[in-house]
Amino acid sequence: MAFVKSVKLNNGYEMPILGLGTWGSPKGEVAQAVKDAIDIGYRHIDCAHVYENEHEVGEGIETKIKEGVIKREDLFVTSKLWNTFHRPDLVRGACETTLKNLKLDYIDMYLIHWPMGFKEGAELFPADENGKTIFSDVDYIDTWKEMENLVKAGLVKSIGLSNFNKRQIERVLSVAAITPATNQVECHPPLGSPNRPWAKAGDPVLMEDPKILVIAEKYGKTPAQVLIRYQIQRGNVVIPKSVNKNRIASNFDVFNYKLSEPDMEAIDGFRLVTGGLCL
């Protein structure tokens, strides 16, 4: 099993630099993907309430703990507070629901998924008669204060943000008693999921780009492995998603080589083309 480097967070906890993502994974296949990932060597699993598959993630984790493959403390599990639970009195209940689904006593990292709240209720994406999203007037500053209470209650080890911009992060920092441990964002060049909602016809397909293919051939690696390795060398935690055992294993096979500085610089140039944001 490959040794997975970890990134030390600002609170002293360590987050494995490579994890298994579960966004958009087909229902009925997530539990097996988690079990396969753990067997392969993954120790970081990223999930969220809105993905609607946390119960499957929990099933996969529970199985591997019962088999003695891992102990709970070997895993780093990230989840996210969804937009309909931003109101302070709903935050703890949302976290407890996630814990129940994951069959865990604590979450390693709990993030505010987006910097805007939606109308509270059963609908994940509440909309009016015209199909427009109905927002909540809750300020994420107040949500953050309740996130801090989750740490104090021992329900989560670390808290952070997701999809927040610079100004929004600064607003949180201005009131935070607990500094956010991370800000999870899309970071380019990514693998480029064809299922991403913002994909447009004609968007660059980086894993098919001739320059990436040349670099991959040079190291005897796949384009995906090169792009994952690129982010790891930049010090970013990477969470590629797959339910295919061979691809899960391939995505993990990135710790036995290093990209040269010229190759890193060449891939840097793609960030300008894809217009990505790295924080």
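## Overall fold

Among contacts in the chain between residues at least 6 apart in sequence, 74% join residues at least 24 apart. Contact here means heavy atoms within 4.5 Å. This is a predicted model, in which local features need pLDDT of at least 70, side-chain atom pairs count only at pLDDT 80 or more, and totals for chains, interfaces and linings use all residues. Residues are numbered from 1 along each chain as its sequence is written, and side-chain values use heavy atoms, with hydrogens and water left out.

The chain holds nine helices and eight strands. Helices (H or I, at least four residues) and strands (E, at least two) are DSSP runs, numbered from the N terminus. For 279 residues, a compact globule would have a radius of gyration near 19 Å; the chain agrees, because its own value is 19 Å. That radius is taken over C-alpha atoms, and the globule rule is 2.2 Å times the number of residues to the power 0.38. Along the principal axes, the C-alpha atoms fill a box of roughly 55 × 45 × 35 Å.

## Surface and charge

Of the 279 residues, 46% count as buried. Buried means under 20% relative accessible area, exposed over 50%, and partly exposed in between (1.4 Å probe, protein chains only). The chain exposes about 13700 Å², and carbon and sulfur atoms supply 51% of that area. Areas come from the Shrake-Rupley method with a 1.4 Å probe; for residues, only the protein chains shown count as cover.

There are 34 positive and 37 negative side chains. The centres of the two sets lie 3 Å apart. Lys and Arg count as positive, Asp and Glu as negative; His and the chain ends are not counted. Each charge is placed at NZ of Lys, CZ of Arg, CG of Asp or CD of Glu.

## Two domains

The domain assignment gives domain 1 (6-185) and domain 2 (189-235 + 245-250 + 259-270). Such bounds come from an automatic or database domain assignment. The C-alpha centres of domain 1 and domain 2 lie 26 Å apart. Ten residues of domain 1 are in contact with ten residues of domain 2.

## Helix α7

Helix α7 spans residues 223-233 and is mostly covered. Ten of its eleven residues are buried. Among them are Pro223, Val226, Leu227, Arg229 and Tyr230. Just after α7, glycine 235 takes a positive phi of about 90 degrees.

Proline 180 sits in the loop between α5 (166-175) and β8 (183-184). Its relative accessibility is 11%, so proline 180 counts as buried. Leaving aside neighbours within four places in sequence, proline 180 is in contact with Asn10, Trp144, Ile159, Gly160, Leu161, Val172 and Leu173. Proline 180 and isoleucine 159 are 21 residues apart in sequence, yet 5.8 Å apart in space, C-alpha to C-alpha.

Phenylalanine 85 lies in the loop between β5 (76-81) and α3 (88-102). With neighbours within four places in sequence set aside, phenylalanine 85 is in contact with His49, Leu90, Val91 and Ala94.

Most residues other than glycine have a negative phi. Glutamate 52 has a positive phi, near 60 degrees. Glutamate 52 is in the loop between β4 (44-46) and α2 (54-66), and is partly exposed at 42% relative accessible area.

Lysine 103 also has a positive phi near 60 degrees. Lysine 103 lies in the loop between α3 and β6 (107-112). Lysine 103 is partly exposed, with a relative accessible area of 45%.
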